[in-house]
Amino acid sequence: MNLTPTQVAAQVARDIPDGAYVNLGIGQPVLVGNEVPHDREIVFHSENGMLGMGPAPAPGEGNTDLINAAKGPVTLLPGGSYFHHTDSFLMMRGGHIDISVLGAFEVSAAGDLANWSTGDMSKPPAVGGAMDLSVGAKQLFVMMTHRTKGGTPKIVERCSYPLTAARVVSRIYTDLAVLDIDDSGLVVTAMVESLSPDRLRELTAAPLRFAEEVRTIPAPRTADRSAPTM
């Protein structure tokens with residue numbers, strides 16, 4: 001069974017070190033802020049001008065002036081701040097963000113990222129701050145489904161969509177597995193317990209290697225399927 005977006009977000013959150021400065025992109029990545037363990041202090045940055053961004057507020061308790069880059073309501077943690085959009089991009093371009101978590105249409109075995117255009121003119125492309133984040137952050141994590149709704153692999157040998165940036169992705173989190181990218185390509189470090197290595201290879205359009213110890217991710221219970229999808 002595939003992990004829900006919330007469960008994938010929890011996998012991302014568990015790997016972010018204490019004290020890291022992290023930007024969350026639009027789409028599934030915004031869920032990561034709600035999954036941080038209580039004993040971890042992570043400073044979340046939003047490209048629209050926030051530092052110290054907290055999780056989403058309880059229904060009806062949000063402040064309409066506090067939103068993330070996806071225009072969703074968020075909270076501001078003690079010590080947090082908000083500032084001009086230009087200053088936010090200076091942080092991104094100046095190498096001050098430890099980890100950026102972005103969504104993607106495709107990621108190649110070399111770490112190329114394609115997340116701003118599929119060539120579908122009915123959906124105007126919008127790169128936003130993705131180019132700045134993908135080359136400015138010290139590490140780039142991608143959070144996405146392993147395949148499209150039509151069943152097409154999103155992890156490929158070579159991207160077919162226009163690139164956002166080349167050789168920038170360090171790790172991929174999907175609803176089936178976690179994969180690191182090194183100089184030799186893709187390395188599976190974790191996968192859903194109900195999935196076999198051979199089946200994961202079938203669902204991926206690029207060669208895979210497996211770490212000596214592959215962590216098992218518990219398969220979601222039926223009740224977990226009510227988690228939000230994106």
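The model shown is predicted.

**View 1. Lining of the second largest pocket.** The second largest pocket has a volume of about 310 Å³. Its lining comprises 19 residues, of which E41, I42, V43, M53 and L77 are the closest to the centre. Strand β4 gives the most to this lining, with 5 residues. At least two lining residues each come from β2 (43-46), β3 (50-54) and β4 (75-82). By class, 11 residues of the lining are nonpolar, 6 are polar and 2 are charged.

**View 2. An open sheet of 3 strands.** The strand order is β7-β6-β9, and the pairing is mixed. Because β7 (113-114) and β9 (155-156) stand at the edges with a single partner strand each, one side of each has no neighbour in the sheet. Strand β6 (residues 106-108) runs parallel to β9 and is joined to β9 by 2 bridges. V107 lies opposite I155 of β9.

**View 3. The largest nonpolar core.** This core has 31 residues, and V107, L113, V169, I172 and L186 have the most contacts inside it. Two or more core residues come from each of the elements α2 (85-93), α3 (130-136), β8 (139-143), β11 (177-182) and β12 (185-192). A second, separate core has 27 residues, including M50, V74, Y173 and V192.

**View 4. Surroundings of L186.** Neighbours within four places in sequence are left aside here. L186 is in contact with A109, I155, I172, L179, D180 and I181, and also with A206, P207, L208 and R209. L186 and I172 are both among the residues with the most contacts inside the largest nonpolar core.

Notes. Residues are numbered from 1 along each chain as its sequence is written. This is a predicted model: local features need pLDDT of at least 70, side-chain atom pairs count only at pLDDT 80 or more; totals for chains, interfaces and linings use all residues. Side-chain values use heavy atoms; hydrogens and water are left out. Two strands pair if DSSP finds at least two bridges between them. Helices (H or I, at least four residues) and strands (E, at least two) are DSSP runs, numbered from the N terminus. A nonpolar core is a set of buried Ala, Val, Leu, Ile, Met, Phe, Trp, Tyr and Cys residues joined through side-chain atoms within 4.5 Å. Buried means under 20% relative accessible area, exposed over 50%, partly exposed in between (1.4 Å probe, protein chains only). Contact means heavy atoms within 4.5 Å. On a 1 Å grid over the protein atoms alone, a cavity is a set of points where a 1.4 Å probe fits but cannot get out, and a pocket is an open set with protein on both sides within 12 Å along at least five of seven lines; lining residues have an atom within 4 Å of a point. Grid points are joined across faces, edges and corners, and a volume is the space filled by probe spheres set on the points. Ala, Val, Leu, Ile, Met, Phe, Trp, Tyr, Cys and Pro count as nonpolar, Asp, Glu, Lys and Arg as charged, and the others, Gly among them, as polar.
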